[in-house]
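Subject: Structure handover and notes

Dear colleague,

I am handing over the structure below, and my notes on it follow. Please read them with the model open beside you.

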Amino acid sequence: RTLNHIGLVLRMQGRIKESMEKHKRALDIQLEKLGENHLETVVTFMLMGHIFQAQRNHEKAEAIFRNCLAILLQFLPNGHPDLAIAYGDLASALQCQQKTAEAIKMR
């Protein structure tokens, strides 16, 4: 979590490259220790997706958000607030790519 928190601070300071490096380091540790389908790992993926979204790399953000949503759907009950956030993130990435019809289905 500490690496992700540092990454968030760096992102708020506009230090995007350094922020992504911290998130990648956190992700490497989480993948090794927790696996891809762990909720903490999903949080790190989501943070990275937000960076790609801010960099206007909407295709990469979409792929990450789709993967995160698929994992969350395995573990969280319908109506969970984190699912709503994940759907919203995916819808945002879709809308930025002019995939409005698909984005509307997400909201």
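By class, the lining of the largest pocket is made up of 9 nonpolar, 1 polar and 3 charged residues, where Ala, Val, Leu, Ile, Met, Phe, Trp, Tyr, Cys and Pro count as nonpolar, Asp, Glu, Lys and Arg as charged, and the others, Gly among them, as polar. This is a predicted model, in which local features need pLDDT of at least 70 and side-chain atom pairs count only at pLDDT 80 or more, while totals for chains, interfaces and linings use all residues. Residues are numbered from 1 along each chain as its sequence is written, and side-chain values use heavy atoms, with hydrogens and water left out.

The largest pocket has a volume of about 240 Å³, and of the 13 residues that line it, Val42, Val43, Met46, Leu72 and Asp82 lie nearest its centre. The elements that give two or more residues to this lining are helix H3 (39-54) and helix H5 (81-96), and H3 supplies the largest share, 7 residues. Grid points are joined across faces, edges and corners, and the volume is the space filled by probe spheres set on the points. Helices (H or I, at least four residues) and strands (E, at least two) are DSSP runs, numbered from the N terminus.

Turning to charged pairs, the structure holds 6 salt bridges, each being a side-chain nitrogen of Lys or Arg within 4 Å of a carboxyl oxygen of Asp or Glu. In one of them, arginine 1 pairs with glutamate 40, with the closest N and O atoms 3.0 Å apart. This pair links distant parts of the chain, since arginine 1 sits in the segment before helix H1 (2-12) and glutamate 40 in helix H3, 39 residues apart. Arginine 1 is exposed, at a relative accessible area of 66%, whereas glutamate 40 is partly exposed at 23%; here buried means under 20% relative accessible area, exposed over 50%, and partly exposed in between, with a 1.4 Å probe and protein chains only.

Another salt bridge joins arginine 66 and glutamate 102, whose closest N and O atoms are 2.3 Å apart. Arginine 66 lies in helix H4 (residues 58-75) and glutamate 102 in helix H6 (residues 100-106), so the pair ties together parts that are 36 residues apart in sequence. Salt bridges that share partners join Glu62, Arg66, Lys99 and Glu102 into one network. Within this group, glutamate 62 belongs to helix H4 and is buried, with a relative accessible area of 9%, while its side chain makes a polar contact of 3.0 Å with that of lysine 99. A polar contact is a pair of N or O atoms within 3.5 Å; within protein, one must be able to donate a hydrogen and the other to accept it, and residues adjacent in sequence count only if both atoms are side-chain atoms.

A further polar contact, of 3.1 Å, joins the side chains of serine 92 and glutamine 53. Serine 92 is found in helix H5 and is partly exposed, at 27% relative accessible area.

Why does the count come to 0 disulfides? A disulfide is taken as a pair of cysteine sulfur atoms within 2.5 Å, and the sulfur of cysteine 68 is 17 Å from the closest cysteine sulfur, in cysteine 96, which is too far for a bond. Cysteine 68 is buried, with a relative accessible area of 0%, whereas cysteine 96 is partly exposed at 39%.

Finally, two backbone angles deserve a look. Arginine 56, in the loop between H3 and H4, has a positive phi of about 65° although it is not a glycine, and this arginine 56 is exposed at 67% relative accessibility. Glutamine 98 also has a positive phi of about 65° without being a glycine; glutamine 98 lies in the loop between H5 and H6 and is exposed at 66% relative accessibility.

With kind regards

Technical notes: 1 Å grid on protein atoms, 1.4 Å probe; cavity = no way out; pocket = protein on both sides within 12 Å on 5 of 7 lines; lining within 4 Å.
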